[in-house]
Amino acid sequence: PDEHLDLDDGRWEDIHVVTGALKLFLRELPEPLIPFSHFDKFIAAIKIQDPSLRGRCMRDLVLSLPPAHHDTMKVLFRHLCRVVEHKEENRMSVQSVAIVFGPTLLRPASEESSMAMHMVFQNQVVEHILNHYGYIFPE
């Protein structure tokens with residue numbers, strides 16, 4: 001049966017409930033928004049020293065994602081860019097959004113690999129996509 005959601009219901013007024021639900025939804029996907037098969041490629045790309053080469057690599061990787069992943073990412077990151085535009089009121093800078101969404105959107109298939117080391121790069125990937133949204137997702 002279709003579940004109808006009444007967004008006027010008082011329980012949705014707290015923005016933390018909504019963002020928590022979004023993060024939980026993304027975390028519980030059988031495969032992350034950036035598929036396991038692309039994890040190592042994105043980590044390698046974000047480590048590239050040359051900024052223009054790194055930018056091209058990141059854009060090409062996003063373009064190489066399956067259409068459902070790419071299109072969902074485009075909508076999500078467009079929204080996250082809008083969140084960052086209001087960082088004065090919501091205290092969600094690019095770095096804050098990256099810390100919150102990095103490990104959710106991009107994770108290795110096996111968790112035993114050095115998680116702390118990966119986390120820095122996971123966050124940097126999200127930060128890069130936010131900072132270069134217009135280049136990665138040209139209209």
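**Core, helix and pocket**

Let's start inside. The largest nonpolar core has 32 residues. Phe42, Met73 and Ile129 have the most contacts inside this core. Keep in mind that this is a predicted model.

Which elements give two or more residues to this core? They are helix 2 (36-46), helix 3 (51-63), helix 4 (67-85), helix 6 (94-105), helix 7 (115-131) and helix 8 (133-136). Helix 4 gives the largest share, 6 residues. In soluble globular proteins, nonpolar side chains tend to be buried together.

Now pick out Ile129. What does Ile129 touch, leaving aside residues up to four places away in sequence? The list is Met58, Val62, Met73, Phe77, Ile136 and Phe137.

Next, helix 2. Its buried residues are His38, Phe39, Phe42, Ile43, Ala45 and Ile46. Why are they on the same side of helix 2? Because they cover an arc of only 160° around the axis. An α-helix has 3.6 residues a turn, so residues three or four places apart point the same way.

Last stop, the largest pocket. The volume of the largest pocket is about 480 Å³. A total of 16 residues line this pocket. Nearest its centre lie Ile15, His16, Thr19, Val83 and Met92. Helix 1 (15-27), helix 4 and helix 6 each give two or more residues to the lining. The largest share, 7 residues, comes from helix 1.

And what kinds of residue make up the lining of the largest pocket? There are 9 nonpolar, 5 polar and 2 charged.

Technical notes:
Residues numbered from 1 in each chain as written. Predicted model: local features only at pLDDT ≥ 70, side-chain atom pairs only at ≥ 80, totals over all residues. Heavy atoms only, no water. Core = buried A, V, L, I, M, F, W, Y, C linked by side-chain atoms within 4.5 Å. Buried < 20%, exposed > 50% of the residue type's maximum accessible area, 1.4 Å probe, protein only. Helix = DSSP H or I, 4+ residues; strand = E, 2+ residues; numbered from the N terminus. Contact = heavy atoms within 4.5 Å. Arc of directions from axis to C-beta. 1 Å grid on protein atoms, 1.4 Å probe; cavity = no way out; pocket = protein on both sides within 12 Å on 5 of 7 lines; lining within 4 Å. Points joined across faces, edges and corners; volume = space filled by probe spheres on them. Nonpolar A, V, L, I, M, F, W, Y, C, P; charged D, E, K, R; others polar.
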